[in-house]
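Below are my notes, to be read with the model open beside them.

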Amino acid sequence: MTIRDLYPTRSGREPRMIYRTEDQVVYGTAADGPIDAETLDEYNDNGFLNVEQLVDATELAGYQNELNRLLVDESLDDDERVVREKDSHEIRSIFEVHKISQLFGDLIADERLAGRARQILGSDVYIHQSRVNYKPGFYGNPFYWHSDFETWHAEDGMPRMRAVSLSLALTDNHAYNGGLMIMPGSHKTFVSCVGETPEDHYRQSLKQQEIGTPDETSLSVLAEKHGIELFTGPAGSATMFDCNCMHGSNGNITPFPRSNLFVVFNSVENTCIEPFAAPERRPHFIGARDFTPVRA
């Protein structure tokens, strides 16, 4: 069966801006979960929502200890799921963390996380990707502006915009240590990118992405239209955002690391097929091929 590509990318000489007309943003209602109607409406309009305290202080201490344990776990030294900074070789991300860590796996399946995702997406969900991001003090490199969906569509074969990301702060997020930036409302415009996807592109892109990043003109148009919001908050707070939000973060030259748990929930009605703009699928620990629904 041929599936129509609504979001062509990495195939033309010029970038395009494609307005989102056929994909909803919110599929559920306030009766379906813990998010109230007003917050769902704001999520629909802006593409994100904030939770001031997703986990309490006692739980948070356990997750921080688990993060620190993973960072020094020698059994992960040669694990390809561990991505290191390009220059310093400090750990940048640990992927498939829900399988590496039982503690994080249980948290991701918790209704506070997975339940909110089901409510937004209006269906059962599975974990398309999970990781802990560790932006170390002094050496944390930036994440350039991008839409996650562009990559998931091009390289993982995600057909439609029916996925949601959740970022749980494991350290305090300040304005000066590389916090998340989002262009509110940008999720309703898809920016196609130029440049063909090389083989094994993930090896380079996880350290510093170039192919699949939007052009400066499109970014300027979106920023002028929507503005930029910087997310700060204490450890234990969380942000959920639509898969097509234009987002990024600055580098961290402060002494204070910025670490977070990041998980992508995709609808079981939106499972990945063959990549739309890549010679082969990325490894399963980056783009899952196990579509088993998350159960509490």
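1. The second largest pocket is lined by 19 residues, and those nearest its centre are His 98, Lys 99, Ile 127, Asp 290 and Thr 292. A pocket here is an open set of points on a 1 Å grid over the protein atoms alone, with protein on both sides within 12 Å along at least five of seven lines, and lining residues have an atom within 4 Å of a point. Its space comes to about 300 Å³, where a volume is the space filled by probe spheres set on the points, joined across faces, edges and corners.

2. Please keep in mind that this is a predicted model, in which local features need pLDDT of at least 70 and side-chain atom pairs count only at pLDDT 80 or more, while totals for chains, interfaces and linings use all residues. Residues are numbered from 1 along each chain as its sequence is written, and side-chain values use heavy atoms, with hydrogens and water left out.

3. Which element gives the most to the lining of the second largest pocket? Strand S5 does, with five residues, and H3, H4 and S5 each supply at least two. Helices (H or I, at least four residues) and strands (E, at least two) are DSSP runs numbered from the N terminus. By class, the lining has seven nonpolar, seven polar and five charged residues; Ala, Val, Leu, Ile, Met, Phe, Trp, Tyr, Cys and Pro count as nonpolar, Asp, Glu, Lys and Arg as charged, and the others, Gly among them, as polar.

4. Helix H4 covers residues 102-109, and Phe 104, Gly 105, Leu 107, Ile 108 and Ala 109 in it are buried. Buried means under 20% relative accessible area, exposed over 50% and partly exposed in between (1.4 Å probe, protein chains only). The cover over these H4 residues includes helices H2 (57-71), H3 (97-100) and H5 (111-121), along with strands S5 (125-135), S7 (163-169) and S13 (258-267).

5. Strand S12 (residues 246-249) is covered on both faces, with Met 246 and Gly 248 buried on one side and His 247 and Ser 249 buried on the other. S12 pairs with S6 (residues 143-147) in the antiparallel sense over three bridges, and with S8 (residues 180-182) in the antiparallel sense over three bridges; two strands pair if DSSP finds at least two bridges between them. Ser 249 stands opposite Phe 143 and is also the bridge partner of Leu 180.

6. A cavity is a set of points where a 1.4 Å probe fits but cannot get out.

7. Tyr 7 lies in the segment before S1 (17-19) and Phe 190 in S9 (residues 189-191), so the pair ties together parts 183 residues apart in sequence. Tyr 7 is buried at 2% relative accessible area, and Phe 190 is buried at 0%. Tyr 7, Phe 149 and Phe 190 form one aromatic cluster.

Terms used: Contact means heavy atoms within 4.5 Å. Rings of Phe, Tyr and Trp (its six-membered ring) pair if their centres lie within 6.5 Å; planes under 30 degrees apart count as stacked, over 60 as edge-to-face and the rest as tilted.
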